[in-house]
Structure formats: structure tokens, C-alpha cells
Amino acid sequence: MPIAESITYQQLGHETLLMQWSGHIDEEILKSILQVMSALEDNPIRGVKEWNSTYNSLAIHFDAHKISFPELRLKLEDFRSKESAQVIARKWTLPVLYDPSVGIDLEAFCLHKNLSINELISLHTTPTYRIFFIGFLPGFMYLGGLDPSLHLPRKADPDRSIPPGSVAIGGAQTGIYPVESPGGWHVIGNSPLSYFDPTLEKPCFIQPGDEIVFSSVSPSRFEEIKELALKNEFNLKPELING
Amino acid sequence: MGRLIIQKPGLFTSIQDEGRYGFRRYGVPVSGAMDQQSAGLANLLVNNGPEEGVMEITMHGPEIQLEADGLLAITGADLSPGLDGHPIPMNTPVFFEKGQRLTCGRPRYGIRAYLAVHGGLKSPKVLASRSQYYPVTATKRLHMGDTIALKNYKNATKPHASVKVDTTHFSTEQLEVYVGPELTLLSKKEQSLLFEERFTIGTNNRMGYQLQPDADLSNNLSIITAPVIPGTVQLTPSGKLIVLMRDGQVTGGYPRVAQLSRESINRLAQKTNGETIEFSLLKS
């Protein structure tokens, strides 16, 4: 399997091992990373504290008193050589209000792209996006699959404050700001769910490997969902799919 | 149970501990005390376990009303601490009584001081840690009127520990680093510049320190977003470096040219704008 040959193992600082696949964005690489993470989850290694991933890399953080870099590397190579279980992913349908009242850049974006708001909604809601990883901010998902006609470089002057739930486009990426934050992406709408809840042991309901579709909702439905979500009464159920 | 009350918050005062581990996969930074060495010493001096929360005090310190009896220690930067106006020694356990007021004055060396109290500062834990970081904790720092629960120790035993702190921790301009994953993207000339140049500290905070070189390191390099950790040195297109610190994001798209040793992160945490540093390369 070609992917296996191009994995490197490096140490970053005292207690982090970096597994790096080849340097591009690819669903096959994501699958490979998900399999290693799944193996780590199912076969706890003494001394491994936690791990996090990006497009083509997996960082494994360990306690150097309990395991060494070479020992950890051997265990990881062992995981890679074994047949691994199919990773089950979930598909979430996320409600979004695409409206200038919540999408401060929506009209400017459409003007720039020579699209009507409805055309933009269609282009943004048609694809099934893949969650590659969470990073940059608590709960911020990196999604693959944005229609190229919606690519737009991020703002030269980032906004001081983007409200939580903001659905935005920056460069070739789209995502949701889970919390209020400065940012340079173009805000085209808002999703009323809680994408990061620090009172929960698992503060994000989504995870790498999951699929996302955006679904356009009316302003009244948006308010309804928002109310329910605030009371923890909006039950979003995913569809189960084979990763 | 006693408590302390923040009468004046100071420049940037927060509760920190060893860090928040286990949540990086959700984009949650590790946080924790910027100078882990000094924070650890503070806990040690008051007979606390290393996991206890301490107060991290930045440059202009707070005014704190102590509504309990107990034992405290202040380590890290010397910000001229005093109890009821009387100077108290650094790096030494000190008894305090209910009703006393802790204040800080003129900074003498360093930037960040650590206040530990015997029994620990019992602020709430969120996602397994007391380290303040918004949006995990409600606020990123302490404000006027905030109270923190303390245990009351009428007859605390004063530990015999008396520590002589190595002041090079604060004065050295050398930061030891390891090679970073993308160092080899730089030309040989640029690599040697990195390890010979002086860098001036610019904007800095708990998320990261900007370093400005004298030489021109501007470039067109970029990488697809990769994992980063506290101490990772990123090279930006303008040639400025960013050293990620405790609240730094867990992923980043700039080349990772070097990685600070743990000791170097602690030392950098005691520096501020205008100061200069140099990297010295460690063989890993």
C-alpha cells in the first residue's frame, strides 16, 4: 500500500511523536490516520497521554518516564502492519441560516462572486463535506469539499470579532466558528448549535472522519432551533456510514 | 473554608496549573503556567502537590485580600511583594493571617510571578484543569471582586525548604532549541542565520511571542496545517518568527523551524517586548 512507505516518524520536543504522511490533502491519508487513531483508542499504550491529528499528520503525546520514542514508534509501526477494523463515521446535517442579518459578509461575497444568495446557498449546501480534523480554536472543524466556485482569499484585515456559530469561507475552506473570535474568513450565515461545550467530557459532538451537510433553514426555524439548543433540547441525530 | 478576594486585578492575573491534557483533539490548547519551573517551585515551597493551582501574576500585580490563615510562597519574577505594606521575601514560605492584604510593587526582574498557597487555590476545574483559558473557562483572567476558595490552616507547619534560585533563569538570552520538522526547507544560509542572529521580542502574550530578526528571513514557504505544541517556532512569510506558548493553537500552517526545550519555554516566559534572545541548537 503506497501510503505506508511515505510515513515518517519524528520527535517534536521532549514528549511528542509526529507521524507524517505525504504532504497533501487526501481522503486516503485521512482514512489511514483514522485507523491509527482507532487502534490507539482500542489498544491503550502505557505512557501515551493523548493524540491529535491534522490533514497529513498525527501527533502522539507521551510521558517520557513511561515510554520512549523508539518504543512508541515500534508500537505504531505494529498497528500499521495489522489489518484494522472498518472505521464507522457519522453524517451530520447542520442547520444554517443564510441571511445578511447573521452573515455579515453574505451580500458582499455574492456580489464579488456574481451569485444570487440562492445560488450560493445551493453551492454551499450541495456537497457532502468531510471533517479532516479539529484545530485552530476549540471545536473548529477543518472541512474538505468546498465547491471551487466559492473559494475566496481570506480578508487582508481580519475582523475583530466573529460571533459564535458563524458559518464562513476562507481561501479554499469553509467552517464554523464555534466561539466568538477574531478572524479573516467571510461570514455567510450562522448555525445555532453548540459546537463546543466545555461542560461536557466530550466537548465536541463531531469528530475527524465524520461527514457534514449544511441545510438551509428559515429565520423562524433558526430561532426555534436556537431556543431548543440553549436548553439542550435539540437532538441532532447523525446517519451512520462506513468511513 | 477561607478565601482570597481580588481587590485590584493587576495587569493580567490568572489561575494556572500544570496544564489541560487530553483535549487537544478538540482544538483545546494545553494552557497552564507559562513558567512551569517557577510555578512548580511555588507549590513545592508550600508543601503542595505539583498539580495544585497557582496564581500567575504578570508585571503589574494584583491587590489581594486574604480571608484565611495559611502559608504562601511567591516565586518567578520579583514584583516586590508585600503583606500589609511590609516586604516579604521571594522563594520562601511565608505565613499569612486572615485580614492581611497582599500587594505588589516595582518589578525588579522577570515578568511572571507565581503565588502558591498551602492547600492549593481551589478554583473550579473545567476539562480536567484549573488553568484559565477562554472559552474553556468563563474568563481568561481574574477580575476585581473575584474570590478563590482557600483552605484555612491555623497551624500550618512551615517547611524547612529554603531555595536559592538560579537567576540566570531570568537573565540569560540563550534559548536552547531542537531542530524543527521544516528547518530543512530553509537554505543553508538561512539556517545558519537562524542560529547566529539576535532576535528582538515584539508582541507577546500567553498564546505566543513574536520575534523580529535583524536579518531578512522573508520567504514564500508554507505547509499544510500541521500539529504544533508550546515552544514550536514558526517562520512567517514576513520573516518574523512566532514562538507558540501555553495558550497557542494546536495546529498551524507556518513552517516549524525549531522547537524550544522545556527549560527555554520557561525562560522565554520571563521576558517581554524589546528584550533580545539568541537560539542555541541542541543535538536531540
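One term before we move: a residue is buried under 20% relative accessible area, exposed over 50%, and partly exposed in between (1.4 Å probe, protein chains only). This is a predicted model, where local features need pLDDT of at least 70, side-chain atom pairs count only at pLDDT 80 or more, and totals for chains, interfaces and linings use all residues. Residues are numbered from 1 along each chain as its sequence is written, chains are lettered from A and ligands numbered from 1 in the order in which they are written, and side-chain values use heavy atoms, with hydrogens and water left out.

**Stop 1**

Select Phe136(A). You'll find this residue in the loop between strand S6 (129–134) and strand S7 (141–144) of chain A; helices (H or I, at least four residues) and strands (E, at least two) are DSSP runs, numbered from the N terminus. Phe136(A) isn't a glycine, yet its phi is positive, about 70°. Its relative accessibility is 25%, so Phe136(A) counts as partly exposed.

Now jump to Asn114(A), in the loop between helix H4 (106–113) and helix H5 (117–125) of chain A. Here is another non-glycine with a positive phi, about 55°. Asn114(A) counts as exposed because its relative accessibility is 70%.

**Stop 1: where the chains meet**

Show both chains. In contact (heavy atoms within 4.5 Å) are 38 residues of chain A and 28 residues of chain B. Together the chains bury about 2800 Å², 61% of it on carbon and sulfur atoms; buried area is the accessible area (1.4 Å probe) that two parts lose on being put together, summed over both.

Which residue forms a salt bridge with Arg25(B)? Pick Glu41(A): the closest N and O atoms of the pair are 3.5 Å apart. The rule for a salt bridge is a side-chain nitrogen of Lys or Arg within 4 Å of a carboxyl oxygen of Asp or Glu, and it finds 2 across this interface.

Colour the side of chain A that touches chain B by element. Strand S1 (8–12), strand S2 (16–20), strand S3 (48–53), strand S4 (57–62) and S6 of chain A each give two or more residues. S3(A) gives the most, with 5 residues.

**Stop 2: the sheet in chain B**

Two strands pair if DSSP finds at least two bridges between them. Zoom in on S6 (residues 82–83) and S9 (residues 101–103) of chain B: they run antiparallel and are joined by 2 bridges. Gly82(B) has Thr103(B) as its bridge partner in S9(B).

**Stop 3: the loop between S10 and S11 of chain B**

Pro135(B) is in the loop between strand S10 (109–117) and strand S11 (147–150) of chain B.

Is Gln132(B) buried or exposed? Its relative accessibility is 9%, so Gln132(B) counts as buried. Its side chain makes a polar contact with the side chain of Thr139(B), at 3.1 Å. A polar contact is a pair of N or O atoms within 3.5 Å; within protein, one must be able to donate a hydrogen and the other to accept it, and residues adjacent in sequence count only if both atoms are side-chain atoms. The backbone oxygen of Arg141(B) is 3.3 Å from a polar atom of the Gln132(B) side chain.
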